[in-house]
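Reader: I am new to this structure and would like to look closely at one part of it. Could you take me carefully through the second chain, residue by residue where that helps?

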Amino acid sequence: MSAPRHLSPSSAAILRAVIAAIRPRGHGFDQPIDEDVLLEVDRCLPCLPALARAALPLGLRLLEWGPAPFFRRFTRLSAMPRDEARAYLQGWLDSRLALRRLLVHGLRALVFLAFYQHPSVLRAMGVGWDRRLAETVRLRADTLDREKYGYPR
Amino acid sequence: MAIPAELPAEVSARIPERGLAYPNCESGRGARRGAALAADVLVVGSGAGGAVAACLLAEAGLDVLMLEEGSLHRTESFSTDVLAMMRALYRDLGGSMILGRPPIVFAEGRCVGGSTVINGGMYWRTPPRILERWEREDGLPEIGPRAMETAFAEVEREANPETQADDTLGVHHRLFADAARALGWHPRENLRNMRRCAGLNNCAFGCPTGAKQSTLVTWVPRALRAGARLSADAYVDRVLFEGGRAVGVRGRYLGADGRPSDRFSAHAPMVVLAAGARHTAGILKRSRLRARPIGRHLTVHPNAKVVGIFDQTIRPWWGAHQAHQIHDFLDDGILIGYAVPPPGLLAAALPGLGERSAELMALYDHMFPVGCLIEDTSSGRVVLGLDRQPQMLYSLSRRDTATAHEGVAKVCELLFAAGARRCLLPFADLAEIGSPDEIRRIRARPPDPRGLELMTVHIMGSARMAADPRRGATDPFGRVFDVAGLYVADASLFPSPIGVNPQETIMALVTRNARRWLERDVPRLRAARRDRA
Ligand SMILES: Cc1cc2nc3c(=O)[nH]c(=O)nc-3n(C[C@H](O)[C@H](O)[C@H](O)COP(=O)(O)OP(=O)(O)OC[C@H]3O[C@@H](n4cnc5c(N)ncnc54)[C@H](O)[C@@H]3O)c2cc1C
Ligand code: SF4
């Protein structure tokens, strides 16, 4: 299995805990794909704005050590039971401080994108966009009226 | 996580946009250190504005060099792998933020073809009332509906705006139109720049069927055929000046990881900025141009979305991106339309963590997201951030907040008329309603923008045209005031928001302006070149 290329091992460990806490569960969404999600999020990091990229390791550490100051639990995020970790992260989403909200909103968006767009999840949802691609390219090739559209231009 | 799509080579070969030639185009990645380039005209950006400007100037015989920060991604490389496409085609993965009250999520393209590669393809002329206002109140000449007719006709020849074929419509398209009619509204069939759209709804991630006529498959290759050159992966940092006139630009090539690598400079007597309403203002500011209107008057067409949840199966992902719009309320500043994002994007915009998100997303096939676009009267600014990148600041006025509330209420009326059981709302303190009676709770809200979730894909006006240098950054034909040789050719030019999708307006304004430059400015430029020679 490949390792994250852009996250340090310690940042990756914290992100793993975030994924385990917030990833969808139940209702047909129990695919064991946390590691794929982590790798996909890792692939996205170079595309983030420079400031967000630079601030991410610090943000992850704030999340890791935040349960004591923000949640009154003398533990670290990665050591918390999953439900408690989720409640803790929900607290960040509901925070009055915009920066706290923004950090967890951003991570949540990346995790959900990677999770729900995973081929096994799309299959489970019955969303067949990839099949449609082949269908629609063929449909267009078969029905394209080149005279009407002025091809070749 | 590539999603395999079985596409026989024989089928692909019958699609004219797959396999298009891009002569004279090279990536800055292979360029040499400290490269010094020269041309008659530099065009920065290859989106809706830049590609049109480059093409018209090249066809008039000028030596044009396009400098584009993004990479060249061809039609045949487009797929339904949403994240891979977002990494390739979007800036900031589509999650840029406009800071203010409330913060607004903003997406734009960063690739050859700019945002036209990822846009929905809606192709509407500027409403006549807007053009009349620009002429009458803003004092801009030759911009009324009659004067603009030839420019519209010219860009439409390339874009081919047409309505959806029946076999591209799914359940939700019909529900939308039927519900609107039942309410006494008049759904308009959408005009989209396409040649036989096949209804894949992948427009926001590059159109793999080649149907969408983005500048990537129209104006850019046409410009290249006319002799223009294109340098991709070339980020322009600032404009260079000599004796008060623009003489070129300076920038950095971008490496495979998207980070700046070697420097380059490019020289030309004519520099056209078409980097979009955020980055054109950023380049002007990094070039130390201090005129007050630069970066001001930013408008953003804020969008609020409502997700209707139905008992019946909708399969919202099946069928064209958007087939109808409601224009009945344009005079009140409200346009209603829809767009169905793939599950990952929709989930990111809906509430809930863990099981709560799963519970909602299990209903994806029963969801129908409908939105309203607001013609805003508020305005914001583009400023340079700590990293010297342009940052947008914007707060929604009480008046526009009230308009957004009314838009959301109307969208809920439509969704309930279509048979929705409940509507998920864009308000932090009112997450959903379950019956049409509750719509009055939306109308009764105080016009406070806090907690209102908004996004946008249209930004405009940050270097607007004006008759008076105190009111705009460029003259009525897009020449930057007080700097000879410097032009703007993108959405920054808009004197005001227009209330409909902007790409045709951008292309038509640039056509109008480029014709004027060719008539008045270019002969002087040619004479100067002859003298030098
Ligand atoms: C998801 C989405 C959907 C949309 N849907 C529609 C629609 O259906 N109909 C419609 O009319 N409009 C739509 N729009 C909006 C429309 O596409 C844009 O308004 C239009 O493309 C803007 O044109 P522009 O020339 O101002 O900028 P862009 O088209 O964004 O082009 C700017 C180009 O400049 C490049 N650039 C930026 N900075 C630099 C730099 N420093 N150096 C070099 N190059 C640089 C960028 O990479 C980009 O390629 C949509 C936009 C998005 C993002
Ligand atoms: S709906 Fe599909 S075929 Fe039509 S323009 Fe969009 S991506 Fe292309």
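Author: B:Q503 counts as buried, because its relative accessible area is 6%, and buried here means under 20% relative accessible area, whereas exposed means over 50% and partly exposed lies in between, with a 1.4 Å probe and protein chains only. What you see is a predicted model, in which local features need pLDDT of at least 70 and side-chain atom pairs count only at pLDDT 80 or more, while totals for chains, interfaces and linings use all residues. Residues are numbered from 1 along each chain as its sequence is written, chains are lettered from A and ligands numbered from 1 in the order in which they are written, and side-chain values use heavy atoms, with hydrogens and water left out.

B:Q503 belongs to helix α13 (residues 503-532) of chain B; helices (H or I, at least four residues) and strands (E, at least two) are DSSP runs, numbered from the N terminus. Setting aside neighbours within four places in sequence, B:Q503 is in contact with B:T116, B:N119, B:G121, B:M122, B:Y123 and B:N193, where contact means heavy atoms within 4.5 Å.

With B:D490 the separation along the chain is 214 residues, yet the C-alpha atoms of B:G276 and B:D490 are separated by 5.6 Å.

Turning to the strands, β2 (residues 35-38) of chain B has a covered face made of B:A35 and B:L37, and an uncovered one made of B:A36 and B:A38. Strand β2 of chain B pairs in the parallel sense with strand β13 (residues 260-267) of chain B over four bridges, and two strands are said to pair if DSSP finds at least two bridges between them. Within this pairing, B:L37 stands opposite B:A266 of β13 in chain B.

Strands β11 (residues 234-242) and β12 (residues 245-254) of chain B pair in the antiparallel sense over eight bridges, and B:L240 has B:G248 in β12 as its bridge partner. These two strands, β11 and β12 of chain B, form a hairpin with two residues between them, and B:G243 in the turn has a positive phi of about 55 degrees.

B:D233 has a positive phi of about 55 degrees although it is not a glycine; B:D233 lies in the loop between β10 (229-232) and β11 of chain B, and is buried at a relative accessible area of 3%. B:N201, likewise not a glycine, has a positive phi of about 55 degrees. The loop that holds B:N201 runs between β9 (192-193) and α7 (219-225) of chain B, and B:N201 counts as buried because its relative accessibility is 5%.

Finally, the peptide bond from B:R101 to B:P102 is cis, with omega near -5 degrees, and B:P102 is placed in the loop between β5 (96-99) and β6 (104-106) of chain B.
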